[in-house]
Amino acid sequence: MKLFGSAKPDAADRSTTAVAVEPTVGGVCLQCGMAAIAGTVTFCRRCGLPIGATPRATAVLPSCPVCYATVDDDGRLASLNRARPRVDLVAHMIEHDDYPVGDDDYLESLRAGDLIRIDRWRAPFDLVRRYLVTGAFEGGHRRTYEHSAIVTAMSQLKRWGPGADIFGDQAEWQAARAAVTELLERYHRGRRTAG
Ligand SMILES: [Zn+2]
Ligand SMILES: [Zn+2]
């Protein structure tokens, strides 16, 4: 994710210490989530904001590319480990090593460019991953809606073309729905065993 560029702190010393997630040496801009280069940099090169300062009220705050959570107004997120204090976005992303949202290795194994193979269908990878991560938590009508959106995307990518009456083929629709459900369950099964 370009937001973080090459500034993501290296993981070399994380395995040797079990202490609370250490932010980068240079600190992290709480407004845009970019890690500052270690050393004398005290202002974010992108925002001009002092490192560690509370984001401006008008700022568009950054989100985690792993779980899609957006930082709160203070530029931080609650730690995924309840014993820890709030963390900046970079530290939060590192926490996903210990708290994965799902089996992303499995998901990547199904990737075909920008698409993901779901059984005999294809759908946009990003759309599907976002659904697998957020749909599992949100539930209800929204989940049903998003689930259908993915099935629609799967169907429209088939050779029938945009003019086809995709809803007329109930068996195909049901099969596609079942395939997405299976993927959803498989993805989160990975999360449980990884933890
Ligand atoms: Zn910034
Ligand atoms: Zn996250």
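C29 touches M34, A36, C44, R46, C47, L49 and I51, leaving aside residues up to four places away in sequence. The model is predicted. C29 is also one of the residues that touch the most other members of the largest nonpolar core. That core has 34 residues.

**Overall build**

- The chain holds five helices and five strands.
- Read from the N terminus, the order of elements is β-β-α-α-β-β-β-α-α-α.
- The chain has 195 residues, and buried residues make up 25% of them.
- Take the contacts between residues at least 6 apart in sequence: 52% of these join residues at least 24 apart.

**The largest nonpolar core**

- Which residues touch the most other members of this core? They are V28, C29, L89, L132 and I150.
- Five elements each supply at least two residues of the core: α1 (89-95), β5 (121-124), α3 (125-138), α4 (140-156) and α5 (170-194).
- Helix α5 gives the most to this core, with five residues.
- As a general point, nonpolar side chains in soluble globular proteins tend to be buried together.

**V90 in helix α1**

- V90 is found in helix α1.
- Is V90 buried or exposed? V90 has 24 other C-beta atoms within 10 Å. The cut-off for a buried residue is 20 or more, so V90 counts as buried.
- V90 and L30 are 60 residues apart along the chain. Their C-alpha atoms are separated by 9.6 Å.

**The three-stranded sheet**

- Three strands form an open sheet, in the order β3-β4-β5. The pairing is antiparallel.
- β3 (111-112) and β5 stand at the edges of this sheet. Each has a single partner strand, so one side of each is left without a neighbour in the sheet.
- Strand β4 (residues 115-118) pairs with β5 over four bridges, in the antiparallel sense.
- L115 has P124 in β5 as its bridge partner.
- I116 has A123 in β5 as its bridge partner.
- In a regular strand, side chains alternate between the two faces of the sheet.
- β4 and β5 form a hairpin, with two residues between them.

**Positive phi values**

- Most residues other than glycine have a negative phi. Two residues with a positive phi follow.
- D119 lies in the loop between β4 and β5. Phi of D119 is near 55 degrees, a positive value in a residue other than glycine.
- How many C-beta neighbours does D119 have inside 10 Å? The number is 14, so D119 counts as partly exposed.
- Where is Y68? Y68 is in the segment before β1 (76-77). Phi of Y68 is near 70 degrees, again positive in a residue other than glycine.
- Y68 has 12 C-beta neighbours inside 10 Å. The cut-off for an exposed residue is 12 or fewer, so Y68 counts as exposed.

Definitions and conventions: Residues are numbered from 1 along each chain as its sequence is written. Chains are lettered from A and ligands numbered from 1 in the order in which they are written. This is a predicted model: local features need pLDDT of at least 70, side-chain atom pairs count only at pLDDT 80 or more; totals for chains, interfaces and linings use all residues. Two residues are in contact if their C-beta atoms, placed from the backbone, lie within 7 Å. A nonpolar core is a set of buried Ala, Val, Leu, Ile, Met, Phe, Trp, Tyr and Cys residues joined through C-beta atoms within 7 Å. Two strands pair if DSSP finds at least two bridges between them.
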